[in-house]
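Look at the structure below with its sequence beside it. This briefing covers a sheet first, then the nonpolar cores.

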Amino acid sequence: MTTGDEGTRITGDEMFRAVHSSMKTWTVAAIAAVLAMVMMLAGCAGGTDSQKNGGSTSSGDTSQTDPTSSAKPTVSNNGKTETYKPADGNATATLKIASGSENKEVSAAIQRAVDGSKIGVTIDYMGSLDIMNVLKNGGKSYDAVWPASSMWISMGDTKHIVKDQQSTSTTPIVFGIAKSKAQQLGWANGDGTTKAVKTQDVIDAVKAKKLTFSMTSATQSNSGASAYLAFLTAIAGKNQALTKADLDNANVQANVHTLLSGVDRSSGSSDWLKDMVVANPDRFNAMVNYESLVIQADRALTAKGKDPLLAVYPSDGIAVSDSPLGYVDRGQNLNDAYDSFAKALKSKDAKLLFERAGRRTGLAGVLTYKNDAKVKDAFRSEWGINTGADALKTIPLPAADVINESLNVYQSSLRKPSWTVWVVDYSGSMQGDGKDGVVRGLNAALDQTQARQSHLEAGKNDVNILIPFSGDAQEPTKSTGADTTAILQRGQQTDTIGGTDIYDGLDKALQNLPKNTGDYTTAIVLMTDGVSQTGNKDAFTKQYKASGHDVPVFSIMFGQADPAQLNELAKLSNAKVFDGRSEDLASIFRQVKGFNG
């Protein structure tokens, strides 16, 4: 299983114990990895915020900084790595931690634990699938893992190297729906408090075309995977763990398929999804996400005078993230350092900072510091937040083989099909290594044998279109379903020649979108290595705005591509730019999967 950034324990024994206790030039390999990564973004089902994101901005939430500490983390690796040192600068040891990106939101608690334990920490933020694979590969160079859910440790720790696992906080996965929309649906009162809503109510609203929502990928992101498992469990209606027989049930499949048809934008990161909604509240008025990120979003939205998102808790089944920290025993003898940091992270001061950031630290999801003014300011009833334990009817966690099978069913049958238009640079500067990288990347993204290894395989209704361009756009090649041979052959046979005009290629892409973009998760993926001619820019922009499609244009930046041109496209289309010049492209491959599907 996977995730792009978070994790969610969905009850079970682990949950029970938890609640109780300088720029580089690109290479062939780089281009191949970037192209492959984009397929995750473009054609399947499920970045970090610090990557260039065009239309999205961070929330600027002040709860992330500990006002009592003079120390702040050092950020590197395009925002994917944070290094914490004690305020006095003298760490007795340093731990390297693989963490879900949602833990950026609790920076204050981390700094407090570092100051209190005198243990430095270097945190690499990654997706849950990456954390699971770290464990499957023996932990690599990490001393601890900190996913959003115990599920990923349970599935990844096949070598039994994780010790002393403990929950650091909990947060349920909820629907965050703009207040006006929630009231229109009859799910909220005038004071912002929300009513009991069943999963069938959501299905009915989607079926009546009264509700669409954004959600992270179920095959790449913990919040998406956990919400999906909760949907399945609630619809099966047996108040017990999901089974393979439930997955085969035609009625269950039909209802989940209908519910997922309401997804209008996906993401590989819960944090980025939250920022997208905050940056574009008039476009995106509902999302499935962590309660803690709904709180962060509401802080930012209300500061801008916008409608808050109201938290809606499905009354017949909900997934809860238990945010477990576990020591990775590779024989490195840092047990004592881990114990000191973990203990400090459970201190009263750290717990208070967790709750001020919107996490829960009490037994069964209640608040430990409910009378603290800043905690009250986070858990507001007028935002639909329900702090009672009765709001959290958690689902039991299925067996690992059932989880894997549920992801296969999601990818092949239940998710909304994707329509991806690949606009690929074949200008003269791409000759040699550049084209070789493109060909390898297209194969990594569209060859089904390779794609299947990461739950990237195409569904029978998925559409992929290749539009090569240089100074002019060429005619498209289209493939439907798993047979992508024509695109792969076209990618190999196209010559590199001429200049670069991304706007002509993008205009051609607009001409090759589905008649009804709502039937698909639709995206344009632009790959370029140079500064573009701009003669066709205004015509493309006018055509894009006139089309009314609101299709994201995700850009992959190689070589000498102009970041300003690509960021402008991202802002225009509520998308983002991925830097293929200096990123760890293997990591990006996992992170961006699901930004279209």
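In this predicted model, 7 strands form an open sheet with mixed pairing. Their order across the sheet is β1-β2-β4-β3-β5-β13-β6.

**The sheet**
- The edge strands are β1 (74-76) and β6 (162-167), each of which pairs on one side only.
- On average, neighbouring strands of the sheet are turned by 20 degrees against each other, with direction ignored.
- In general, strands of a sheet pair through backbone hydrogen bonds, and the pairing is either parallel or antiparallel.
- Strands β3 (residues 93-100) and β4 (residues 119-126) run parallel and are joined by 8 bridges.
- Ala98 stands opposite Asp124, a residue in β4.

**A helix on the sheet**
- Helix α3 (residues 107-117) lies across β2 (81-84), β4 and β5 (144-146).
- The direction of α3 is at about 150 degrees to β4.

- In soluble globular proteins, nonpolar side chains tend to be buried together.
- The largest nonpolar core here has 51 residues, and those touching the most other members are Leu211, Phe213, Met215, Tyr228, Leu232 and Leu260.
- Helix α8 (residues 222-236) gives the largest share of this core, 8 residues.
- This core lies between domain 1 (74-170 + 323-385) and domain 2 (172-321 + 393-407), because both domains give residues to it.
- Another core, of 48 residues, lies apart from this one; among its members are Ala178, Leu301, Ala523 and Phe595.
- Not counting residues up to four places away in sequence, Leu232 touches Leu242, Leu247, Val252, Val256, Ser406 and Leu414.

How values were computed:
Residues numbered from 1 in each chain as written. Predicted model: local features only at pLDDT ≥ 70, side-chain atom pairs only at ≥ 80, totals over all residues. Heavy atoms only, no water. Core = buried A, V, L, I, M, F, W, Y, C linked by side-chain atoms within 4.5 Å. Buried < 20%, exposed > 50% of the residue type's maximum accessible area, 1.4 Å probe, protein only. Helix = DSSP H or I, 4+ residues; strand = E, 2+ residues; numbered from the N terminus. Domains from an automatic or database assignment. Contact = heavy atoms within 4.5 Å. Pairing = 2+ DSSP bridges. Axes fitted to C-alpha atoms, helices over the stretch in contact; angles between N-to-C directions.
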